Amino acid sequence: GPHSNVPLARIQSRVESSPREGLRKFIRGYLVYWDLREMELSFFLLALAKAMLCPEIRMEYEVGTEAMIEGFTALYRRGVAAGEFVEHDCRGSAVTLMCALDGALAYRKLDAKLGLEDTFRQIEERFITSLAREKT
């Protein structure tokens, strides 16, 4: 699924000099990557439904999901430490960001009116701008 293609090291390597910018670039890249891979995305969504019924498949998704959460949590914590983000529940932000990204992937395929740029801007507003110490 999408998470197995995004190892923790790759998320953390996007930090560059700014965790906030690294997170912004990752979100855009993730949305664009899956936007260009409709068949793979359809397979992921079907496999996700199957994973809910099959413990062996679910275990594989759990590993990828936890790597995403750890990576996002690390970026948020680095951002807080660097003064880029306000103090907040970094893991909570990471979990809800991951859910928002994967939900956006599915719903954008169901509703053609949900454009890529609008989706990016809405996710950016809720998971970066609203948490920024200085508004970006």
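Modeller: Start with L53. L53 has a relative accessible area of 73%, so it counts as exposed. The cut-offs are simple: buried is under 20% relative accessible area, exposed is over 50%, and partly exposed is in between, with a 1.4 Å probe and protein chains only. Before we go on, note that this is a predicted model, where local features need pLDDT of at least 70, side-chain atom pairs count only at pLDDT 80 or more, and totals for chains, interfaces and linings use all residues. Residues are numbered from 1 along each chain as its sequence is written, and side-chain values use heavy atoms, with hydrogens and water left out.

Where does L53 lie? It sits in the loop between helix 3 (38–51) and helix 4 (55–81). Helices here are DSSP runs of H or I with at least four residues, strands are runs of E with at least two, and both are numbered from the N terminus. Together with L48 and M52, L53 makes a nonpolar patch of about 340 Å². A patch takes residues with over 30% relative accessible area and no salt bridge; nonpolar side chains (Val, Leu, Ile, Met, Phe, Trp, Tyr) are joined within 5 Å, like charges within 9 Å. The areas come from the Shrake-Rupley method with a 1.4 Å probe, and only the protein chains shown count as cover.

Now step back to the whole fold. The protein has six helices and zero strands. Along the sequence the pattern reads α-α-α-α-α-α. Of the 136 residues in the protein, 41% are buried.

A94 is found in helix 5. A94 has a relative accessible area of 0%, so it is buried. Its C-alpha is 5.3 Å from that of I69, although A94 and I69 are 25 residues apart in sequence. C99 is also found in helix 5. The C-alpha atoms of C99 and T65 are 9.8 Å apart in space, and these two residues are 34 apart in sequence. C99 counts as partly exposed because its relative accessibility is 48%. C90, at 8% relative accessibility, counts as buried. How many disulfides does the structure hold? It holds zero. A disulfide would need a pair of cysteine sulfur atoms within 2.5 Å.

Next, look for empty space. Rolling a probe the size of a water molecule over the atoms shows where such space is left. The count comes to one cavity of 30 Å³ or more. A cavity is a set of points, on a 1 Å grid over the protein atoms alone, where a 1.4 Å probe fits but cannot get out; lining residues have an atom within 4 Å of a point. The largest cavity holds about 30 Å³ of space. That volume is the space filled by probe spheres set on the points, which are joined across faces, edges and corners. Its lining is made by W34, D35, L41, A104, L105, R108 and K109. Helix 2 (19–35) and helix 5 (90–110) are the elements that give two or more residues to this lining. Helix 5 gives the most, with four residues.

Two of the lining residues, D35 and R108, also meet each other. They form a salt bridge, with the closest N and O atoms 2.7 Å apart. This pair links distant parts of the chain, since R108 is in helix 5 and D35 in helix 2, 73 residues apart. A salt bridge means a side-chain nitrogen of Lys or Arg within 4 Å of a carboxyl oxygen of Asp or Glu. R108 is buried, at a relative accessible area of 17%. D35 is partly exposed, at 26%.

How many salt bridges does the whole structure have? The search finds nine. One of them joins the side chains of R28 and E117, at 2.5 Å from N to O. R28 is in helix 2 and E117 in helix 6 (residues 116–127), so the pair ties together parts that are 89 residues apart in sequence. R28 is partly exposed at 32% relative accessibility, and E117 is partly exposed at 33%. R28 and E117 also belong to a network of salt bridges with D118 and R121.

One last pair. The side chains of D111 and K113 meet in a salt bridge of 3.3 Å, N to O. D111 is partly exposed, with a relative accessible area of 25%. K113 counts as exposed, at 71% relative accessibility.

Terms used. On a 1 Å grid over the protein atoms alone, a cavity is a set of points where a 1.4 Å probe fits but cannot get out, and a pocket is an open set with protein on both sides within 12 Å along at least five of seven lines; lining residues have an atom within 4 Å of a point.
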